[in-house]
Amino acid sequence: MSIDFQELTAEDVSRHFGRRKALSRISFQTRTGSILGLLGPNGAGKSTMIAVLATLMRPSGGAIHYGTYTSPAAGSALRSRIGILGHDLFLYPELTARENLAFFAGLYGARDANGAADAALARAGLADRAHDPISSFSRGMRQRVALERSLIHGPRLVLLDEPFTGLDDASTAALVARLRGLRDEGAIVVLATHDLDLAEGLLDEALFLRDGRMVDAVARPGALRSTYRSIMGRSS
Amino acid sequence: MPKWFMPLAGLTAVMFAAAPFIIARADYESTMGLVQKIFYYHMPSASMFLLSAVVCGIASARFLFRGSPRQDRVAYAAAELAVLFGAITLVTGPLWARKAWGVWWTWDVRLTSSLMGWMVAWAYLLVRKYGGPGSDKLAAGLALFGMANAPFVYISVNYWRTIHPKTSVVPTLPADMGTALWFSFVSFLLLFTLLLRLRVHLEEQRAKLDTLYLAMDE
Amino acid sequence: MRIAWLVLKKDLTVEVRSLEIAYTTLFFAISCVLFFAFALVKEGKAPEDGAAGILWIAIAFAGTLALGRTFERERQSETLRALLMAPADRPAIYVGKLLGIIALLIAAEIVLVPLVAFLFQAPLLSHPFWLAAVLISGTIGFAAVGTLFSAMLVRARSRDVLLPVLLYPITVPVIIAGVRATAELLQPDVELALVRFWVMLLLALDVVFVTLALWTFEPLMTD
């Protein structure tokens, strides 16, 4: 069974851990072919929101609608349309780049896992390092492999949690180009970051989070840094 | 607290106050004398221990598969009561055994199985206390495995010491002691119900407090 | 099932690359056996049934260590999360991990059995078929519960200490059955009916535990 969706809607999503409120009644909507940014300081709830969108965590209140589907009902078929890149990269350091990609391709049901892995390596520009273990890669190269891993099944929804951490200029530019490419192909990209300079010009929409609450939502954001400062400066 | 709580508490208090007299009036057992009367505490405690364990297991299953937070509270309360009644059983048992069999402990099937069950109940509490986030589900899983395990523990311990199963060491009761025993049993059952309700109530209050706290700055 | 096989292959590949868990677990198991030998052997003779007990204790301790290490690895790059994200049936992931643990423990047992036989003059290899049956059915039971609990504990606090706390009371029947059956196999005139009884008990236990684990894996792993 394969499913697909064109919009992503968060409806009054809350999540708490005991007495700590990580997310508080967040609502937004976004469509295919757009890049949504989750911006905010550390501890604002960006990573939690990503986890909820990825169906790794169930919201304590509210719901996420993937088109007409919701997470518990759609089950594992929904997961095949979601790709996630956390800042922990999800790669096995002892395996080679090719083995990592082939494993995840197989896990996601690709018929030709090795072929998919080779294609992904070519896209990342790392075909020559295919048989080297991940532990020998630099942070930027690992990031590239991890990105390909998260995209290997052609997901509709791409979630990225702080993807620019530790990247040099060249890698950053490559990542930005890749994300723009994804957007043009019709993916829904949700990007959590606290790096405002990078986000500028890349985002189609921006959500500002603070202490788990949505402080503001801006379409077509420009001059992010000053917007950010003015929004965050308003006392709650 | 539900309406039946206070009247039931009153009744239980009266029964426990009356119990020593009823027990004293029951016949003296011929060989063991006074010490045998520990049995009136031991057997009901053991039954309540078993009941608590079963309640915990069922509530854990319902919590895991339906996600009902109330069942989680019941499971936690039942586990605590299992440790409590298990402790009473494992203390009163050896006290009786010393007189009856001359030893404090023997690797008898019931004793050993009870001890293992008690350890699982303890493990449940340790997980709830020190497990961090998600420990409610963890503990529920443990309770389920503990319950599924019980028959295997019994069978394996039974055949552990000898190939041939021993006949039960718990003496069959002459009818005249029956009244006292039933009285004790009912008292303990009422006590179990009260304690369970009270403990679940405590957890409910805690949960309500959490909700209020969370709703505070909405 | 295909997923289980993929996970197993991946685990074996990772393990073969570094052999870290294999070596450390094996070394630990051997030290365990020696430790018990020094503690229990008097005048050059182990206590009756000592060999059987020591073998199984070494397996249990080494197994706990291996379980902890295997899931610690998954925790490090949060790869367990990535596994859970896949559209695979969650129980399939459990089966893959379970088979890996069983393989590791069997490998340890292959070394331990001759070692114990040698150190304690115990005729462990007199009925190899039956011994294999006892070891395999016991290992499956132990690993079934161990894999489930370790997976659950990945995100918990105090996970190293909690694994034995959870695992040992539950696996008591496995140990009892395993030791009794092994001890019986060491007797000069073996009563095979008795051994058969214990193996049947272990197999029944395996079925119950694995079924329960498959059933509860999904709700236990979702947040």
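Strand β6 (residues 82-85) of chain A and β7(A) pair in the parallel sense over 4 bridges, where strands (E, at least two residues) and helices (H or I, at least four) are DSSP runs numbered from the N terminus and two strands pair if DSSP finds at least two bridges between them. This is a predicted model, in which local features need pLDDT of at least 70 and side-chain atom pairs count only at pLDDT 80 or more, while totals for chains, interfaces and linings use all residues. Residues are numbered from 1 along each chain as its sequence is written, and chains are lettered from A and ligands numbered from 1 in the order in which they are written.

**Strand β7 of chain A**

- Leu160(A) in β7(A) is the bridge partner of Leu85(A).
- β7(A) is also joined by 5 bridges to strand β8 (residues 188-193) of chain A, and these two run parallel; in β8(A), Val190(A) is the bridge partner of Leu159(A).
- In strand β7 (residues 157-161) of chain A, 5 of its 5 residues are buried, a residue being buried if 20 or more other C-beta atoms, placed from the backbone, lie within 10 Å of its own.
- In a regular strand the side chains alternate between the two faces of the sheet.
- Both faces of β7(A) are covered, with Leu157(A), Leu159(A) and Asp161(A) buried on one side and Val158(A) and Leu160(A) buried on the other.

**Domains of chain A**

- Chain A is divided into domain 1 (1-81 + 156-236) and domain 2 (92-154), with bounds that come from an automatic or database domain assignment.
- The contact between them takes 8 residues from domain 1 of chain A and 8 residues from domain 2 of chain A, two residues being in contact if their C-beta atoms, placed from the backbone, lie within 7 Å.
- The centres of domain 1 of chain A and domain 2 of chain A, taken over C-alpha atoms, are separated by 25 Å.

**Chain C**

- Chain C has 9 helices and 0 strands, and buried residues make up 52% of its 223 residues.
- Helix α3 (residues 50-76) of chain C has 27 residues and should span 39 Å at 1.5 Å a residue, which agrees with the 39 Å between its end C-alpha atoms; the expected span is 1.5 Å times one less than the number of residues.
- Glu78(C), whose phi is positive, near 55 degrees, follows α3(C).
- Among contacts in chain C between residues at least 6 apart in sequence, 83% join residues at least 24 apart.
- The C-alpha atoms of chain C fill a box of roughly 55 × 35 × 30 Å, taken along the principal axes.

Technical notes:
A residue is buried if 20 or more other C-beta atoms lie within 10 Å of its own, exposed if 12 or fewer, and partly exposed in between; C-beta atoms are placed from the backbone.
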